Amino acid sequence: MQWLEAFWTKEGKGIPKDAPKKTGLPLFAEIVAREWWELVKLNLLFLLFSLPLVTLPAALFATATISRMMAKDRPVYLLRDFLEALRAHALRATLWALVAGATVIIGGGAISAYAEAAKTSLFYAAPLALSLVVTLFATLWAACFVMVSVTEVRSFWETLKLSALAALLRPLPLLAALVFVATLWIAHILFYPVSVFMPAVMNFSLGMFAVAFGAQGVVAQVLARSGEESTTQEP
Amino acid sequence: MASISLKKLNKTFGALRVVHDIDLEIADKEFIVLVGPSGCGKSTTLRMIAGLEEISGGELIIGTDLMNDVPSKDRDIAMVFQNYALYPHMTVYRNMAFGLELRKAPRDIIDRQVQEAAKILDITHLLNRKPKALSGGQRQRVALGRAMVRNPAVFLLDEPLSNLDAKLRGTMRAEITKLHKRLDATFIYVTHDQVEAMTMADRIVVMKDGHIQQVDTPQNLYDRPVNMFVAGFIGAPQMNLLPAKLTQEDGRFFALVEDHKLPLPQNFDRSPLAAYEGKDVILGIRPENFHELAPADIDPANTAPFHAVVELAEPMGSEVHLNLIAGGRNLIARVSPRFRSKIGDRVSLVADLTNAQLFDPQTERSILY
């Protein structure tokens, strides 16, 4: 049984302090490889606290909080921090869900309607394109709102402004994250029933982690800029 | 206040007594090292102080409180183990915070203590990693950090460096010494490595077969060993212990080793020497007290030529350890790398008796102290 003991006690390679830090996709992959089990537990927590449905937005914000901490390489007490974030963001998350949900539904409806109409007349191509862009921007804005909210405590309106700015400043990493989320769900659909356990095991947490990872740079940027502006405005 | 008193402390396993009535006073903020060969009772003594072993007899007092029946968690001590004993399923942060979490310390205090300890030990970048990914030295730092966050009055370290390679051991020795100065706490350190003991300790406790042989500062242990065991254990390479006969000539004492007549220093206490005149003794000369040429700063009256045959030469870089044979006796001399010799050569060295030691061959105790 020495192999079992050695599995836990064998000396590792060590982690040099001054090793060049990974960035981008390699860093994403490294964090997922290291935290995969915590992501599974996070996914289960999200599902559990979403069951009442009214708590789904708060659970989403709590998942975003944990994901952000993982992306920042901060120590995480999973249950404790999840519950704390759930309580802290319950009201804002519910409001966000109503506004963002309504926006995305209206946008989706507009896209569907104009797409149908554009089949018969090219006149509707322009509104179709506009509704696509607006809906996409609204989705990015909604994602940035979540990430700004869980990063720093600001008023609702200020968070709206900052998240809009973030969505405009650097949309590509966040867009890539949302494409990744879409890929996860497409994979679940395409490979069903083999992929039946994907939503239960990782789709929600891994998707949110991808969003947190993609947004962390631009969120830090807009918050820092906002902090500088408020400093220069002081008498 | 973290002074420790051991009064007739002993430990018995069934019929076997492994620690025999230890009396030891450890001052507050002292760095004391228990050193000795395997099985001498040093780890058992440490574990009795920690509360991990029941005390069979005697008293353990920490500060002013009797601790014999006090559980480990209430003794205000923290322990660092040889095999680190980190929780493999927890991150470094959780490992370090665990003790405080059990004590229901507030979160902000836990975080502050852990971050502070991590900064001191330079392991901030490891806080979110599991022990499996860490090297031995990093794991040892985490184990130290786990002890530090509790701010104990006494740190107990049980051979913490023995699983590390030689180079890392040297680095960590310095780190632990610096840590002691920084934390200003009492450290009780167990090791079988006399180099660790000599470099780190304020005082060293040399143990053998469950008994304390000598308690003294490193330099005093080196210069004034009370018996042959301490003389041979402390110092590397170990002291040469040569059978000799004590004689007196014209008011001067000599040690006769085979056909060598070695003059003993005039400042040696004459009354114990007189008691052994004409009798067999054991003469102790450290390897560095053999020279190619008599050094200028040594009284020539305390030196004598010494002839031997080279059995083996071990180049160490800055010096050469010559394994010699003289009159059927093996001894070691430390000479400079310039001293050229090969196996089988008959060499003439100068023996410096200024710091020579004399022991009774029966009791093995020092004649001089």
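**Figure 1. Helix 2 and helix 4 of chain B cross at roughly 30 degrees.** In this predicted model, the axes of helix 2 (residues 92–102) and helix 4 (residues 136–148) of chain B come within 7 Å. An angle under 35 degrees counts as roughly parallel, so helix 2 of chain B and helix 4 of chain B are roughly parallel to each other. Their crossing is right-handed. Helix 2 of chain B brings Val92(B), Asn95(B), Met96(B) and Gly99(B) to the contact. Helix 4 of chain B meets them with Val142(B), Gly145(B) and Arg146(B). Sorted by class, this contact has 3 nonpolar, 3 polar and 1 charged residues.

**Figure 2. Chain B is divided into two parts, domain 1 and domain 2.** Domain 1 of chain B covers 4–233. Domain 2 of chain B is made of 240–292 + 302–359. The C-alpha centres of these domains lie 38 Å apart. Where they touch, 6 residues of domain 1 of chain B are in contact with 6 residues of domain 2 of chain B. On the domain 1 side, helix 8 (residues 228–233) of chain B gives the largest share, 3 residues. By class, that side of domain 1 has 3 nonpolar, 2 polar and 1 charged residues.

**Figure 3. Chain A is built from 9 helices and 0 strands.** Its pattern along the sequence reads α-α-α-α-α-α-α-α-α. The C-alpha trace of chain A spans about 75 × 65 × 40 Å along its principal axes. Chain A has 235 residues, and buried residues make up 28% of them. Take the contacts in chain A with a separation of 6 or more: residues 24 or more positions apart account for 70% of these.

**Figure 4. Helix 3 and helix 5 of chain A cross at roughly 110 degrees.** Helix 3 spans residues 56–71 of chain A, and helix 5 spans residues 90–120 of chain A. Their axes come within 8 Å. The range 65 to 115 degrees counts as roughly perpendicular. At roughly 110 degrees, helix 3 of chain A is therefore roughly perpendicular to helix 5 of chain A. This crossing is right-handed. Pro57(A), Ala58(A), Leu60(A) and Phe61(A) make up the helix 3 side of the contact. Facing them from helix 5 of chain A are Ala90(A), Ala93(A), Thr94(A), Trp96(A) and Ala97(A). The contact of helix 3 with helix 5 of chain A has 8 nonpolar, 1 polar and no charged residues.

**Figure 5. Ala166(A) is a buried residue in helix 7 of chain A.** Helix 7 of chain A runs over residues 156–169. Within 10 Å of Ala166(A) there are 26 other C-beta atoms. The cut-off for a buried residue is 20 or more, which means that Ala166(A) counts as buried. Leave out residues up to four places away in sequence, and Ala166(A) touches Cys144(A), Val148(A), Val218(A), Val219(A) and Val222(A). Leu223(A) is 57 residues from Ala166(A) along the chain. The C-alpha atoms of Ala166(A) and Leu223(A) are separated by 9.2 Å.

Terms used. Residues numbered from 1 in each chain as written. Chains lettered and ligands numbered in written order. Predicted model: local features only at pLDDT ≥ 70, side-chain atom pairs only at ≥ 80, totals over all residues. Axes fitted to C-alpha atoms, helices over the stretch in contact; angles between N-to-C directions. Helix = DSSP H or I, 4+ residues; strand = E, 2+ residues; numbered from the N terminus. Parallel < 35°, antiparallel > 145°, perpendicular 65-115°, else oblique. Left-handed = near helix turned anticlockwise from the far one by under 90°. Contact = placed C-beta atoms within 7 Å. Nonpolar A, V, L, I, M, F, W, Y, C, P; charged D, E, K, R; others polar. Domains from an automatic or database assignment. Buried ≥ 20, exposed ≤ 12 C-beta atoms within 10 Å, placed from the backbone.
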